[in-house]
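Reader: Hi! Could you walk me through this model?
Author: Happy to; here it is.

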Amino acid sequence: MNANFCHATARGPVRVGILGGGMAGATAALRLADMGINTLLIEAGNGLINGPPICHLHAGGNLYREIGDDQCLALLRQSIDSVRAYPHSINRRPTVIATPVTDPGDAEALLPRLRQVAREYQRLVELDPANKVLGEPEDYYRCYDREQFEALAHRPLPDRARSLDDWLIPLARQLQPEQFKFPLILVQEYGWSLFRMAATATLALEASPHCELLLNTRAMGLEQLEGGWRIQSQGPAGERVDKVDFLVNACGFRTGLVDDMAGYRRQRLVEYKAAYLARWQAPGDWPEVIFHGERGTPQGMAQLTPYPGGLFQLHGMTDAITLFKGGLVGTCEHSAQPRLPEHYRRQIDQGWQAEDVDARTRGAIGHLARLLPAFAGAEPAGKPLFGAQQIPGSDPKLRAADVSFEGSHYARVEIVKASSALTAADRIVGKLAELGWLGQPAASRPPALSPTLAITADQDPATVEATAVHLARQRGYPQELAENGW
């Protein structure tokens, strides 16, 4: 905790209310509690960080060919900060990017961006050695031509992957080179465990004297006061009313409902998505694999994300797998909340029917097996990870977004990727500094904040993992999603 700031308004100690305990709200609460700022975190569900599927950092935006370099560099910086804030949540294995011959894209098109991102990573490491969280900068990415890739298929399979080449051997033994354009690219795009993030936040905030955490509690009404807000909520103990000096709307895809209660209008999109779980007993340590493809077509991007025990998480950017027909909706003139079709809202609130789980999971398996034939032997391994994500504005390709403000006492956090959460939290701290609540004149520069949080840095990794396993089981998912096998 930074003890150099005096957190007070003219009426007494600052109190910040946060609605929503997803990645955005939990991270904001961690940042504020770490600074000794009194925080009230209200979450309608029974746990923290329980939303859309999260499986990797997006360190450089390499998975998205359609976004600009500015977003890629922002995602790199945000991902580095996120690793430092959630140090025990990373699955340290690389990602392979492959371009099928059926895809119209050029396999070398990513190289200028990769060089730019690698230079920026090198600069950030030179600026602060603690930023070296994605491996050595000179190993940020590596290209493999066809001859190199085919040669790897003849190398013995190591018991554990200890070099960049080792990660490619299982893939080289399974892929048919004639189906791909070269080079194949290996990049230090690490995995991110949603359940170890949830455990990190839960352990830290439950132990913090500066955070009051209310689970199974829903905000029912808001009233703007002079210099603050009154929150009416309903929870297990009944109705309660709280006054806060500053309100953070971090309600994920339901952010528009709070905007409506607060009387603010905001244009945004909401997109419903799902990822699927399958078991496939393939030997070797597997990297994540991205097979590029045109979004929304039958050849849409396919994604294979490995976990321990032969468990894989699957994405397919088609309407029959990860995307959903009518699942991208925008605001109307009467509300800041986009309205998903009733069927999708019911799935979010009540879960999936068994036949839908089986059909879409088997569709995802088939989508991967087009390019990785042996994967046809995989079997469904549980319910999907699903949810809706918000996208501020009207551009569905936006990936790097954080926070916006209304007046002096209201912030809405609208992240598209989880790695943007700490940036949003830091901008909220900057706003509190502008208000003069951090013991500084209002006109002074907001404090420089380290991404490392004392509230999470000293956690025991074994305790985090054990708590994550408990959360996975509690939520009905395989415990391998919470385990650290790397």
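**Overall fold**

Reader: So, how many helices and strands are there in the chain?
Author: The chain has 12 helices and 23 strands; these are DSSP runs, with helices (H or I) of at least four residues and strands (E) of at least two, numbered from the N terminus. The chain is as compact as a globular protein of its length, because its radius of gyration is 22 Å, close to the 23 Å that the globule rule gives for 486 residues. That radius is taken over C-alpha atoms, and the rule is 2.2 Å times the number of residues to the power 0.38.

Reader: Thanks! Where do these numbers come from?
Author: This is a predicted model, where local features need pLDDT of at least 70, side-chain atom pairs count only at pLDDT 80 or more, and totals for chains, interfaces and linings use all residues. Residues are numbered from 1 along each chain as its sequence is written, and side-chain values use heavy atoms, leaving out hydrogens and water.

Reader: What share of the residues is buried?
Author: Buried residues make up 58% of the 486, where buried means under 20% relative accessible area (1.4 Å probe, protein chains only).

Reader: Let's switch to H6. How many of its residues are buried?
Author: Helix H6 covers residues 194–207, and 11 of its 14 residues are buried. Among them are Phe-195, Arg-196 and Met-197.

Reader: And what are the box dimensions for the chain?
Author: Along the principal axes, the C-alpha atoms fill a box of roughly 70 × 50 × 40 Å.

Conventions: Buried < 20%, exposed > 50% of the residue type's maximum accessible area, 1.4 Å probe, protein only. Expected span 1.5 Å × (residues − 1).
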